[in-house]
Amino acid sequence: MGRLFWKFFFAFWLALLTAGVGVGTAVWLRHSAQQNSSPDQTDVVDVRRASLVKLAASTLPHGGVKGLHEFIQTLQNTRFPPIYAVDDTDRELLDRPLAPEVLQQARALYLKTAYPDAIQMVSADDGHRYLLFVPLPEHGFGDLFRPSFPGNPGLPPFGFDGPMPGDKPPPPSGNPEDHGPPPRRESPAPILPIVSGCLASLLFSGLLAWYFAKPIRNLRDAFSAVAQGRLDTRIGNAMGRRRDELADLGRDFDHMARQICSLVDAQQHLLHDVSHEIRSPLARIQAAIGLAQQQPEKLPVTLERVERESQRISDLVGELLMLSKLEAGVATGKIDRINLGDLLADIIADARFEAEPNRIELSYQGSIDVVIECQSELLHRAIENVLRNAVQHCKAAGTIIIDADFDSDNRRLRIRVDDEGSGVPDQDLAAIFQPFFRSDQTKKPHSTGLGLTIAHRAIDAHGGSISASNRPQGGLRVVIEIPFPTRQAI
């Protein structure tokens, strides 16, 4: 695993772990706070039941014994626990049967003031004192009530069927004072959730880090392979079915590798062609020197031959240097303001001089008088190479037509050159702008094979285009189109 994997891993893991522990701790603290702040369930039940005794005692000042009687009677047919009122003579206010043990338990608890809210002694307007109490099971009355109440055979002994909602089971029989409130259940410690969250985040972070680090590691290996010269290395298949930026990076790498492979192949091919082009004149120079040594009387002719071949090598080296600068983007010179009509006139005049030995006529159709800003040397070289190529391919006593016009609205120059040569096979039209391409070498014995290549690069440097096609009546047509900035004046 590389360093990037561990960076991804620890970053994801710490982020997930921090978030999980923070959320889990907040939930646990909230749960603990709710448990600590909530009152005991038994206390709530006791307060609710004891409030019945207080309510019954409050009826005496207003309704007297009769009001108390009606209030207790009303509770008989409800699900509330019954309230008993016993006077000094041990008579229950509603004449309900009451076991002596129950009354004795109630008086004992009153004297001990064990449950002052649930057992009270009140004075009535008839001169008697009444003991009001609710026979709650947790006060020791659970085993004392067995017979059913005669007036309500469908109800259990206390007048309500079991504990009220939310009540806890009564404590075991015995002395009620020995039973305190039920113990509070402690909240479980959050160790197990934290450990589980750590393990889950550990696994998830590892998988996520591996998912991101694997394609980057493959890219690193691919770059290393290309650096070692294995230009056929491709990484697209190793990306699988990913549809993200890393997959796009893999496809871009494959495109880069193909381009590098193509450029290296082209460079090797160019080097092979250059070696072949230089070897031929060198061989002729060596042959001329040998001939001069054997036949000293032919020395002037031999020296002329050596000079011609040396000039050819010099021209080839110059063309190669120009092509190298154009492809490297360092051949751009200063911007000049020139008259385009004068430039074309000079180029055509030079081409006519070269075409005279073969009686080739140059017909210029066009009248341009416009001042432009351009790299004049490159533009001159491009148009001149196209015209020289037409002169070298045109048949003897043939005609070359040059048509040039300038669109003032779109600021666009268009030049068409038609010759009456043999043309180029259709399958070779796209290749004539490649270095050292020759469709018919016998027609160009003194050519370096770089003229149209340099013209293509020079026109491309001006943002223009050049194309070639065969004419229906025979010969080759080359079209040049170059746009110029709108600031140029006409």
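Colleague: Where does D369 sit?

Modeller: In this predicted model, D369 is in the loop between β5 (361–365) and β6 (371–374).

Colleague: Is D369 buried or exposed?
Modeller: D369 counts as exposed, because its relative accessibility is 64%.

Colleague: And which residues gather with D369 in a patch?
Modeller: D342, D346 and D350 do, and together with D369 they make a patch of negative charge on the surface.

Colleague: Switching topic, how many salt bridges does the structure hold?
Modeller: There are 15 salt bridges. One of them pairs R388 with E354, with the closest N and O atoms 3.4 Å apart. That pair links distant parts of the chain: R388 belongs to helix α9 (residues 376–393) and E354 to helix α8 (residues 340–355), 34 residues apart.

Colleague: How accessible are R388 and E354?
Modeller: R388 is partly exposed at 37% relative accessibility, and E354 is partly exposed too, with a relative accessible area of 29%.

Colleague: OK, what does E481 meet in a salt bridge?
Modeller: The side chain of R412 meets E481 at 3.4 Å, N to O. E481 is in strand β10 (residues 476–483) and R412 in strand β8 (residues 412–418), so the pair ties together parts 69 residues apart in sequence.

Colleague: What else forms a salt bridge with E481?
Modeller: R414 does, with the closest N and O atoms 3.4 Å apart. R414 is in strand β8 and E481 in strand β10, 67 residues apart.

Colleague: Which residues do shared partners join into one network?
Modeller: D403, R416, D418 and R477 are joined that way by salt bridges.

Definitions and conventions. Residues numbered from 1 in each chain as written. Predicted model: local features only at pLDDT ≥ 70, side-chain atom pairs only at ≥ 80, totals over all residues. Heavy atoms only, no water. Patch = residues over 30% accessible without salt bridge, like charges linked within 9 Å, V, L, I, M, F, W, Y side chains within 5 Å. Areas by Shrake-Rupley, 256 points an atom, 1.4 Å probe, with all protein chains shown as cover. Salt bridge = Lys/Arg side-chain N within 4 Å of Asp/Glu carboxyl O. Lys, Arg positive; Asp, Glu negative; His and termini not counted. Charge placed at Lys NZ, Arg CZ, Asp CG, Glu CD. Helix = DSSP H or I, 4+ residues; strand = E, 2+ residues; numbered from the N terminus. Buried < 20%, exposed > 50% of the residue type's maximum accessible area, 1.4 Å probe, protein only.
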